[in-house]
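Colleague: I've got the model open, and I'd like to go through the labels on it. Can you tell me what stands behind each one?

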Amino acid sequence: MKKTVILILCLCGVARAQGSAVSSPFGTDPSARPQQGGSATRGEFAPILDSEKRPITAGGFVKNGPVIFRDIAEKAGLTTWRHTMGTPAKNYILETTGSGVALLDYDNDGWLDIYMVNGSTFDALSGKTEPPHAALFHNNHDGTFTNVAEKAGVTNDRWGFGVAIGDYDNDGWPDIYVSNYGKNRLYHNNHDGTFTDVAEAAGVALGNWSTGATFGDYDGDGRLDLFVPGYIHWDMAHLPPTPSSAPNAISFCQFRGASVMCGPRGLKGEPDHLFHNNGDGTFTDVSKQAGVADDGHSRYGFTSVFVDVDNDGKVDLLVANDSTPNYLYLNKGDGTFKDVSIPSGFALNQDGQEVANMGMAIGDYRNNGLLDLYTGTFSDDYKPLFRNEGKARFTEIATEMGMADVTYPFLTWSTEFIDYDNDGWKDILSVNGHVFPQVDHHNWGTSWAQRPLLFHNLKDGEKFELMPAVEGTGLALVIPGRGAAFGDLFNNGKIDVVINCIDHVPALLQNVNPDKHHWVGLKLVGGPKSPRDAVGATVYLTAGGMRHREDVLSGGSYESSNDQRLHFGIGDSTAVDKVEIHWPSGSVESVALPAVDRFFAVEEGKGLVPSVYDTLR
């Protein structure tokens, strides 16, 4: 019976449980009518409560167990800043999806800094109040950070959502692209601690609702191009109904029978954009020519990443879409892409059902050289794990891996494959939080603020174990999570997590896992025929008989951008046997590493080169 119902959902699309004769403010096209609740879910499930009758999303803690993360945001100085997005009532979807965060070394001193995107309010948009500001936290090298956004000229002051990092002009300094509702920003790094917004002159400002962008050299000319997904075409002059004003007929603006904000289903999607880098500081929109415009479907794009998923040396394009099928575009090598979303197996879950994909993790969790995928989805749905079978074919296996059931109550945004204990096997961390404040007023077993989830890879790539939420630790932190970025903030070989929480101060989960495993970090510098920041490079590192893969990426997680230095956990190995670098230019280079437990800089064609990391030992 369950499979039959799911089949009906797939055939009937968004008309689930809705009569086709119902009048709707969203138009008469049946394909545009939303599902009940506005987001793809698998149904309603009995609440899961802990021993103290709390929803499992905000409870289920244990007294004792492994201490893996601690929230040090206040100690680090991050709580001097606060995210703001709309009003607490969350009457419109524009107010609910939160913003991203990026880790970048903007001043090239060898230490990661933090860029926090901020939202806005309707009053700020209309000029009635001062807009919220983004933050750029400079790393002070002592465990603390200082907000220098105003001095740096990157406060944005628009309704911000996503952020991607990339050196688009190959000058050796990272630039920042911020996706907004309204015009986007391209902050060019001036090499002196300041930035200049050149989005208008560069031709990448757009103007409606953009989300999680990605930089990548799709045509192999050595320059980073830019892909910007669109979410909803938002019209301030024609707002959808609010929960209090929606007539009873609009049952699709309900969640479990309660009135909530409308969307994304039923609202017009915003097209995606691919901008080709012209090499002179400007970009040209080639979306339609390249076959990635999404103008025929207008799906609700959230997070995108350029990455080589079929191992042919060319970056492909992944797009996680909310409540609609995902996209996988294979790079054909001639400036165009082939849409293989459905045949690849990445578009839908294993029941052939579209889900509400928000964030996206990309990583080789089996150490077999193939990139696997994991996406964050809505509550009342499990989170899909897509195993790469080779040649861009994926099998969705979350249920078989025993990972599905525990995730149903959680609404997952950011997610990433990280080797938190450096044992050589990638784990999965997810950041969670609901979109409907109403959930706190009902016994549904879920909550507005939620705790993170950490799945530990059991060293065979065949099973993951959910790590316990120990009281007082980062895994027991109950927060309204949204965007998150992952990286080694303290240059100690441990992957930390910075979380941008909606209407809240940030969280900084410092990795304090007590393991003594070894690690290696690589900072890649591209040569004349590759992007200078080496985005798109793939590295295979062999140690202790195990071959690991890492890729230099821009974007990912959820509307965020991670540490672009490559991190390899190598377990008990005290030496690296081999490093093979596949540069974006197509060249393949092997380098020898003389030690472990430190960072090295590698420049294309030159091997190991002196760097700021030589003084960090």
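Modeller: Let's begin with β8 and strand β9 (residues 195-197), which run antiparallel and are joined by 3 bridges. Keep in mind that this is a predicted model, where local features need pLDDT of at least 70 and side-chain atom pairs 80 or more, while totals for chains, interfaces and linings use all residues. Numbering starts from 1 along each chain as its sequence is written, and side-chain values use heavy atoms, with hydrogens and water left out.

Colleague: What makes β8 and β9 a pair?

Modeller: Two strands pair if DSSP finds at least two bridges between them, a strand being a DSSP run of E with at least two residues, numbered from the N terminus. β8 and β9 have 3 bridges, so they qualify as a pair. Within that pair, Tyr187 stands opposite Asp197 in β9. The hairpin of β8 and β9 has 5 residues between its strands, and His191 takes a positive phi near 75° there.

Colleague: Which strand pairs with β8 over 3 bridges in the antiparallel sense, besides β9?

Modeller: That's strand β7 (residues 175-181). Ile176 stands opposite Tyr187 in β8. β7 and β8 also form a hairpin, with 3 residues between them, and Gly182 in the turn has a positive phi of about 100°.

Colleague: Why is strand β8 called largely enclosed by the rest of the structure?

Modeller: Buried means under 20% relative accessible area (exposed is over 50%, partly exposed in between, with a 1.4 Å probe and protein chains only). In β8 (residues 185-189), 5 of the 5 residues are buried, so the strand is largely enclosed. Arg185, Tyr187 and Asn189 point one way, Leu186 and His188 point the other way, and all are buried. As a general rule, side chains in a regular strand alternate between the two faces of the sheet.

Colleague: Asn108 and Asn491 next: buried, partly exposed or exposed?

Modeller: Asn491 has 14% relative accessibility, so it counts as buried. Asn108 has 31%, so it counts as partly exposed. Asn108 has phi near 55°, positive although the residue is not glycine, and lies in the loop between β2 and β3 (113-116). Asn491 has phi near 50°, again positive in a residue other than glycine, and sits in the loop between β28 (481-487) and β29 (496-501).

Colleague: How do you know that Cys253 and Cys262 form a disulfide?

Modeller: The criterion is a pair of cysteine sulfur atoms within 2.5 Å. The sulfur atoms of Cys253 and Cys262 are 2.0 Å apart, so the pair meets the criterion. The structure holds 1 disulfide. Its torsion about the S-S bond is about 115°, so the disulfide is right-handed. Cys253 and Cys262 are both buried.

Colleague: What makes β10 and β15 edge strands in their sheet?

Modeller: The open sheet has 4 strands in the order β10-β11-β14-β15, with antiparallel pairing. β10 (214-216) and β15 (283-285) each have a single partner strand, so one side of each is left without a neighbour in the sheet. β15 is joined to β14 (residues 273-277) by 3 bridges, with His276 opposite Thr284. The loop between β13 (258-259) and β14 holds Pro264, and a cis peptide bond with omega about 0° joins Gly263 to Pro264.
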